[in-house]
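Here are my notes on the model you sent. Please read them with the structure open.

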Amino acid sequence: MFEQLKASIVGRLILPEDEGYNERRKVWNTSIDKYPAAILVCKDATDAVAAVRFAKEHNIAVSIRGGGHHVAGTAVSDQALMIDFSDMRKVSVDTERMVAVVEPGVTLGDLDAETQKFGLATPTGTVTETGVAGLALCGGIGYLRGKYGVTSDNIVSVNMVTADGELIKVSDQENPDLYWAIRGGGGNFGVVTSFEFKLYPIGPEVLSVDVMYDFEDAKQVFKNAQAFVRVAPDEVTFNMLTLQMPAAPGVPESLHNKKVIIIAGLYAGNKEDGEKAIQPLRELARPISDNSGVVKYTELQSRFDLAAPKDVPVYGTSLYVKELGDTEIDILVDKFKKAPRASALFQFWECHGQMNRVPSDATAFAVRDAGFLLCFDIDFTSEDEKESKGWVESIYQALLPYSLRKTSYLNTAPANEQLTIDTYGENVKRLTAIKQKYDPTNLFRHNHNIDPNK
Ligand SMILES: Cc1cc2nc3c(=O)[nH]c(=O)nc-3n(C[C@H](O)[C@H](O)[C@H](O)COP(=O)(O)OP(=O)(O)OC[C@H]3O[C@@H](n4cnc5c(N)ncnc54)[C@H](O)[C@@H]3O)c2cc1C
């Protein structure tokens, strides 16, 4: 059956019996072990067109792989045709229009590396191997969110293959209904073959926040961080990471196995003004260490590359809260103390400034009134899988009554129907209508799915 597809592409079609099949079907989260019917390693947009037309004609589902980093592993699925963009990694910078033109296999590291040659950046996320495509279509929360919003707010246009197999342009002028939907609606509406993102002057050097606190002081740190978010200027954005330091070479012995909170952030503006603006983050409690100062933007963006799980099975989820209040803090501190594995990681991403200023119905990305996004991840082995997953679930359930309308960040959450509906909130109706118009048979369903039949 696949001979017909093979004859119409410029990329490579990999079938289960072919060399490279097992390597190509792998995604970041190794607990995902799916066997696609075939993998089309695209060389250009025409391959994506051929894939969609073929899938439609033969009534097989497609899955789409950007950087393969979604924790739920939606980039790959049993018996589906996997459209693999990992060989399409070109970035071009247009300094006149101040946009980056980005292929769908580009990673955050690829994008920053190219734009930083011009002292420019678009808001993305952290950890350089993460794919831009999945991240941008579902939000994209990084160190520039306070000043410039989430990544999807900065999509100028995309080229996209619709479920009909047509390659179209989507922007505020062309197909504006899709332009609204793809800015937060994920991979529900088509296969994006190219993005244009807005660029801003950032770097090459920036003022970064890099402070470590003792987990013993967690309550004080979280409380003061919450107080700061209420008054923080747009230019200051920070993440808080709660983790147990490894007993590894390069880590001072005094920190071996110690539970700590790391504040990592950025001042997106004039460095001199920044010193004063970031000061409160350096005084949340008594720091163990403080390496805040001027660094390369690319260095800040890759700071946690080594800390991110790699080649391991991972379980994780997230939820938004309006505030880090006393109850939420008590739950979080208690749960982290009871982590079943040293690899447990809590990440708290504060939400303020431009990312919250965009009206929730201006794009599909609906959650614009959170104070913090709380993400919980743990890797596991076959021996402690149940306990580790149970621990993550117990945190989620304990915090759910205090969450913001039961919303999650879909880029860091399981592909769960109710969660998707709750998170899109008032935007679900409009998303469903657009899905019915462009993908009535739900060809694009391996994602946080908007069901066209509901
Ligand atoms: C280590 C790590 C660090 C992270 N850090 C951040 C962070 O700082 N900020 C943040 O916001 N998120 C972060 N994330 C979450 C990240 O946003 C998601 O994992 C996101 O899905 C990554 O995109 P991807 O292209 O790698 O995903 P993939 O797994 O390849 O794709 C996920 C889904 O996106 C859709 N998709 C992908 N490509 C296309 C396309 N070309 N056309 C249409 N649909 C497509 C599909 O539905 C696909 O199933 C992180 C994740 C990891 C694992």
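The points below cover a sheet, a helix packed on it, and the ligand site.

1. Keep in mind that this is a predicted model.

2. Start with the sheet. It is open and has four strands, in the order β1-β2-β4-β3, with mixed pairing. β1 (12–14) and β3 (62–65) are the edge strands; each has a single partner, so one side of each lacks a neighbour in the sheet. From one strand to the next, the twist averages 20°.

3. Look at the pairing of β1. It runs antiparallel to β2 (residues 38–41), and three bridges join the two. Arg12 sits opposite Val41 in β2. Helix α3 (residues 45–57) packs on the sheet and touches β2, β3 and β4 (81–84). The direction of α3 makes about 170° with that of β4.

4. Now the ligand. The shell around it holds 34 residues; Gly66, Gly68, Thr126, Ile141 and Tyr409 come nearest. By class, the shell has 15 nonpolar residues, 18 polar and one charged.

5. Which elements each supply at least two residues of the shell? They include β3, α5 (132–137) and β10 (191–198). The largest share, four residues, comes from α5.

6. A backbone N or O atom of Gly66 lies 2.7 Å from one. For Thr74, a polar side-chain atom is 2.7 Å from a ligand oxygen. Gly134 places a polar backbone atom 3.0 Å from a ligand oxygen.

7. Finally, burial. Taken alone, the ligand exposes 950 Å², and the protein buries 95% of that.

Note on methods
Residues are numbered from 1 along each chain as its sequence is written. This is a predicted model: local features need pLDDT of at least 70, side-chain atom pairs count only at pLDDT 80 or more; totals for chains, interfaces and linings use all residues. Side-chain values use heavy atoms; hydrogens and water are left out. Two strands pair if DSSP finds at least two bridges between them. Axes are lines fitted to C-alpha atoms, for helices over the stretch in contact, and angles run from 0 to 180 degrees between N-to-C directions. Contact means heavy atoms within 4.5 Å. A residue is near a molecule or strand if one of its heavy atoms lies within 4 Å of it. A polar contact is a pair of N or O atoms within 3.5 Å; within protein, one must be able to donate a hydrogen and the other to accept it, and residues adjacent in sequence count only if both atoms are side-chain atoms. Accessible areas come from the Shrake-Rupley method with a 1.4 Å probe; for residues, only the protein chains shown count as cover. Ala, Val, Leu, Ile, Met, Phe, Trp, Tyr, Cys and Pro count as nonpolar, Asp, Glu, Lys and Arg as charged, and the others, Gly among them, as polar.
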